Amino acid sequence: MVENLKEHLQQLEESHTGLEVRMSRERLDEILADDFFEIGSSGFMHDKKECLETGVVLAEMKLHNYEIYPLAHDVVLATYFLVDTTRERNTLRSSIWKFIDGKWQLYFHQGTITPLQLNSFIKES
């Protein structure tokens, strides 16, 4: 499928949280699976249709400590720490990516606001 799956999925995740994709209905439509749903950091649930019709939050966000956990040959759980400088908050994130019709698409996403700071998640070399 993809030689370096972690790097590939991290790039997709970063594009999904980036302003360029979030402002483009077409790009967002490509990344989100048709049956995509999320539990937002607000506590509300959203599906693909709602994300495309009403838009998604536009914020400057940076991912840290991206990890993947294969669940099946075509399904991967990803976790990471996200710093949202626009809304001045941090969240713990999880995503489920599925390999659908020859490409990886975001199937599920959840964000949980956390009081933890980035220095709690910096890995020692």
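Author: What follows is a short exchange on the terms used for this predicted model.

Reader: Why is A59 called buried?

Author: Buried means under 20% relative accessible area. A59 has 2% relative accessibility, so A59 counts as buried.

Reader: Where is A59 found?

Author: A59 lies in the loop between helix 4 and strand 3. From A59 to T17 the C-alpha distance is 8.2 Å, although 42 residues separate them in sequence.

Reader: What makes a set of residues a nonpolar core?

Author: The residues must be buried, come from a list that includes Leu, Ile, Trp and Tyr, and be joined through side-chain atoms within 4.5 Å. The largest such core here has 20 residues. Among those with the most contacts inside it are L9, Y66, I68 and W104.

Reader: Which elements give two or more residues to this core?

Author: The helices are helix 1 (5-17), helix 3 (25-31) and helix 4 (48-54). The strands are strand 1 (32-39), strand 3 (61-72), strand 4 (75-84) and strand 6 (103-114).

Reader: How many helices and strands does the protein have?

Author: There are 4 helices and 6 strands. Along the sequence they follow the pattern α-α-α-β-β-α-β-β-β-β.

Reader: How much of the protein counts as buried?

Author: Of its 125 residues, 37% do. The protein exposes about 7400 Å², and carbon and sulfur atoms supply 52% of that area.

Technical notes. Residues numbered from 1 in each chain as written. Predicted model: local features only at pLDDT ≥ 70, side-chain atom pairs only at ≥ 80, totals over all residues. Heavy atoms only, no water. Buried < 20%, exposed > 50% of the residue type's maximum accessible area, 1.4 Å probe, protein only. Areas by Shrake-Rupley, 256 points an atom, 1.4 Å probe, with all protein chains shown as cover.
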